[in-house]
Amino acid sequence: MSSDVPTTTATITAAGAAAKASVADVPHEPGVAKPDAILTVDHVTRRFGGVTAVDVQHLEVQRGIITALIGPNGAGKTTFFNLITGFDKPSSAPKLIGGPKAGEAAKSSFNGNEVGNIGATKVAKQGMVRTFQLTKALSKLTVLENMRLGAKDQPGENLFVAMIKPLWAKREAEITLKAEDLLARFKLLEKKDDMAGSLSGGQKKLLEMARALMSDPVMIMLDEPMAGVNPALTQSLLGHIQALRDDGMTVLFVEHDMHMVRHISDWVVVMAEGRVVAEGPAGTVMDDPAVIDAYLGAHHNTDLGDDSLLTDEVAEELAAEVTAEETAEGKA
Amino acid sequence: MDQFLTTLVAILNSAISPQTAALAIAAIGLNIHFGYTGLLNFGQAGFMLIGAYAFAISIIGGLPIILAFLIALVAAVLFALILGIPTLKLRGDYLAIVTLSAAEIVRMVGRSSLLTNITGGSNGITGNEYRGPFTDLSFFGDGRIDFGPWNYDATGSNGWWFIATAWFVVALLCLFVWAIMRSPWGRVLRGIREDEDAVRALGKNVYSYKMQALILGGVIGAIAGIVYILPASLQADSMGRSMTYFIFTALLLGGAATVFGPVLGAIVFFALRLLVQGLAGQFVPGTIMNGQQTEQFAWIVIGITLMLVVIFRPQGILGNKKELSFDVK
Ligand SMILES: Nc1ncnc2c1ncn2[C@@H]1O[C@H](COP(=O)(O)OP(=O)(O)O)[C@@H](O)[C@H]1O
Ligand SMILES: [Mg+2]
C-alpha cells in the first residue's frame, strides 16, 4: 500500500525534469514572458479602501509545471487568487463608464480564453479549479458526497433529469468509482461515509484537493495546501502535487514558507505588498535581494524572533549587512 | 373522560383536515428553500396568497379549473423571480427581508379597498364563489361516509373529496421531494446550503440553483394556498406573517431537510394546539382561564415547544442530527 504513495525524495521524474527544462531559458525577472503560458494576467489591481492589496501588471504561468506563488503574509496572494478565479473583481476591471483607460484595464486569459470578467462558476468550468486557504469542506455532506459534487457532466444536476434516476444513475456510478479511487489515493477512503465535518483540518485540506480533482482540471490552484496539515502528511501531500504535474496538470500553489516550495516547485513567483517582485527557479529566487527585502521587510514589523522563514543564504546576507553597517558606523 | 374524548376526536379530525394538508404542503415548499438550500424565505404565506388569489380570481373570471391552477403556478414563478433576481446574488439576509416585506405587500394589496371588485378587499372571497368547479370534479358521489371517528360528507366542502385530494397532493409532493433530493441536483442544493463559494469553485451556477429552489418551493407554496382556500374562504389576513410562522414551526418541529418532517410537523402542530387547549379547558377552571384564554395559552405552549425543539432537538422529530440545516451554537 505504502509503495504507491508518492514521496518527494531527490528522485526527479522524467516529467519533472521536462517541466524544469521548459522554463530553463526564461530570464529571472518579474513579469517575464513564458514559452507556453497557460495563464496570462495583465493590469490586475485590487484596492480595499486606501490599501492596494494587489497590483500585478503582468504575469504569465507556464503550462504543465508547478509554479509556487510565495510571499510574506499579507502580500496579496489570496486576493490575487480570488481575482483570477472570479471570486473577486479587480478595481481595474473594465467598466462601461469611467473605467480605466483602454490598454490599462484588467485582463486575464486562460488556455486561450478571456476569463477576466466571467465569474467564478465559468472560470471553474474552463478548467481552472481552486481550493481555499480556509478550507471549505461541505461539513454536513459525507466525504463521498463532497467528492461527487466535484464531478463534471452529471446530467442529474439538471432538475428535469434529476427526477428520473435511470437517466443519471450510470454516470453516478462512474463518478463514484472515480471518487473512491481518488479518496484511496488521498488515504480518505475509510472515511467516505463520514460527514466531512468530522475530519481533521489536514484531512479537510486533502478532501478539498481531491474534490477539485474530480473535474479533471486543466490547472489546479491551491491556496496554502500545507497549512494545518500534520507534518507526517505534508510529505505525501507534496508528492501528490508532483504527481498531478506528472499527469500533465498545471499547478499554481500559494505558500508563505519558502522551505516548503523548495522541493517541488519548478518555478517560483514572489509577491510582496501586492506586486510580483521576483521570479525564477526555487534555488536562485531566494537569493534575489528583492525577495530578501520582502521577507525581512515583513518580518521587521511582525515576528523578528522567528528564524524559520529565513534560509541560510538569507541569514548570511543579513549577517553581511549587519557587518557592513557596523563598519560604516565605525568609520563615522 | 368525556371531554378528553372530545379533544381526541378533535385532534383526529384536525390531523386529516385539508387545512393541515395545506400547512404540510406549504412546509414542504419551505423545506426546499430553507431545509435543503438554506434560503431564508420569510414570506411563504405570500406565495400561498399569490396562488390563492390567482386561482380564485381566474375561476371567478370564468376560466376552466385546470387553467386557473396553471395560472396560479405561473404567478408563483413570477413572484419568485421578482424576489430572487435582486437578492439571490447577495447575502442570505437580503432574501429574508425582501420576502418578509413582499408577502406583507401582497397581503396589503389584496385587502385594500381599491381592489374590492377583484379581491373582495378585507372581506375576501367566499368559498362558494370559486369552489364549484372543484366540487364538480368529485367522483365520490353524494351522501356521507363514516370511517371510525371521521364522519364527513362525501363531496361537500370539508368533506372526503377535499380531504382525499389534499392528502393525495401531499403524497405526490413527498414523492417528488424524495426523488429530487436524492439526485445530484439535490446534492448541489445541499452543497449550497453549506457553502456557496465551495460549490461555485466546482463550476456550478449557484445563482441558477438558488433560483430554481426558490421557484420550486414557491410554486409548492402556491399549491398550498389553493388547498387552503378550497374548503374555506380566501381572506388575505389568514395568510399573513403568522401563517409563515406556523409553516416554519411545522417544518422545524417535524425536521427540516427530511421528506416527511414537514407533514408530521404540520399534524403535530395542530394536534398539540388542540391538546393543550383541550386539557386547559378540562382542568383549568373557567374563572382562571376562559375559552379564549385557553386558545392563547395553546399558542404560548406552541411557541415554547418550538424554542425547546430548537434548543434540545434542533434536527426536529425526524431529522438527522449530523445533517442539521441550521446551526445553533
Ligand atoms: N476583504 C478585505 N477587506 C479589506 N482588506 C483586505 C481584504 N482581503 C484582503 N485584504 C488585505 O489585503 C492584503 C492582502 O491580503 P491577502 O491576499 O489575504 O494576503 P496573503 O494571502 O498573501 O497572506 C492584506 O493587507 C489584507 O489585510
Ligand atoms: Mg492568504
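Q: A salt bridge pairs a side-chain nitrogen of Lys or Arg with a carboxyl oxygen of Asp or Glu, the two within 4 Å of each other. How many salt bridges are there between chain B and chain A?

A: Good place to start! Side chains of opposite charge can pair when their charged atoms come close. In this predicted model, the count between chain B and chain A is four salt bridges. One of the pairs is R190(B) with E145(A), whose closest N and O atoms are 2.9 Å apart.

Q: Which elements of chain B give two or more residues to the side that touches chain A?

A: Look at the helices α8 (160-181), α9 (184-194), α10 (196-201) and α11 (206-229) of chain B. The one that gives the most is α9(B), with eight residues. Sorted by class, this side of chain B has 14 nonpolar, five polar and twelve charged residues.

Q: How is the size of an interface given?

A: It is often given as the accessible area lost when the parts come together. Here, about 2700 Å² is buried between chain B and chain A, and carbon and sulfur atoms give 64% of it. The contact takes 31 residues from chain B and 31 residues from chain A. Ten residue pairs are in polar contact between these chains, counting pairs with both residues at pLDDT 80 or more.

Q: What salt bridge does D36(A) form?

A: The side chain of D36(A) meets that of R63(A), at 3.3 Å from N to O. This pair links distant parts of the chain, 27 residues apart. D36(A) sits in the loop between α1 (14-22) and β1 (37-48) of chain A, while R63(A) sits in the loop between β2 (51-62) and β3 (66-70) of chain A. Over all chains, the count comes to 26 salt bridges.

Q: Which residues are around ligand 1?

A: Around ligand 1 you will find F48(A), A53(A), P72(A), N73(A), G74(A), A75(A), G76(A), K77(A), T78(A) and T79(A). By class, four are nonpolar, five polar and one charged. Helix α2 (residues 77-84) of chain A gives the largest share of this shell, three residues.

Terms used: Residues are numbered from 1 along each chain as its sequence is written. Chains are lettered from A and ligands numbered from 1 in the order in which they are written. This is a predicted model: local features need pLDDT of at least 70, side-chain atom pairs count only at pLDDT 80 or more; totals for chains, interfaces and linings use all residues. Side-chain values use heavy atoms; hydrogens and water are left out. Contact means heavy atoms within 4.5 Å. Buried area is the accessible area (1.4 Å probe) that two parts lose on being put together, summed over both. A polar contact is a pair of N or O atoms within 3.5 Å; within protein, one must be able to donate a hydrogen and the other to accept it, and residues adjacent in sequence count only if both atoms are side-chain atoms. Helices (H or I, at least four residues) and strands (E, at least two) are DSSP runs, numbered from the N terminus. Ala, Val, Leu, Ile, Met, Phe, Trp, Tyr, Cys and Pro count as nonpolar, Asp, Glu, Lys and Arg as charged, and the others, Gly among them, as polar. A residue is near a molecule or strand if one of its heavy atoms lies within 4 Å of it.
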